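Biologist: I would like to learn how to read the packing of a model such as this one, beginning with the terms.

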Amino acid sequence: MGKEQQMIEYMVQDLVEMLTETQSIEYDVAMRTIYDSQVYEKLIDTETGLYRESPSYVYGLLQDELNFGHIVQAEV
């Protein structure tokens, strides 16, 4: 397993933990939620570099997607 893949796996684990704690949902539901998300598609695309961001940042993107139906990024 390459370094990028390992970082992605750790990120998914962190996101699952965050989802189960904040949303009070089961582990398998959290996994399905993540794997079915646009955020996950961006996360596994190493070209985006999203796997290098903090779990809190990626979780915020996931929350936006769940709340608004798409990823919302603030203008800089």
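Modeller: Contact means heavy atoms within 4.5 Å. By that rule, and not counting residues up to four places away in sequence, Ile34 touches Val12, Leu15, Val16, Leu19, Tyr40 and Leu62. This is a predicted model, in which local features need pLDDT of at least 70 and side-chain atom pairs count only at pLDDT 80 or more, while totals for chains, interfaces and linings use all residues. Residues are numbered from 1 along each chain as its sequence is written, and side-chain values use heavy atoms, with hydrogens and water left out.

Biologist: Which residues have the most contacts inside the largest nonpolar core?

Modeller: In soluble globular proteins, nonpolar side chains tend to be buried together. A nonpolar core is a set of buried Ala, Val, Leu, Ile, Met, Phe, Trp, Tyr and Cys residues joined through side-chain atoms within 4.5 Å, where buried means under 20% relative accessible area with a 1.4 Å probe, protein chains only. Here the largest one has 18 residues, and Val12, Leu15, Ile34 and Leu43 have the most contacts inside it. At least two residues of this core come from each of helix H1 (3–23), helix H2 (27–35), helix H3 (38–44) and helix H4 (55–68), with H1 giving the largest share, six residues. Helices are DSSP runs of H or I, at least four residues, and strands are runs of E, at least two, numbered from the N terminus; the chain has four helices and zero strands.

Biologist: What percentage of the 76 residues in the chain is buried?

Modeller: Buried residues make up 29% of them.

Terms used:
Buried < 20%, exposed > 50% of the residue type's maximum accessible area, 1.4 Å probe, protein only.
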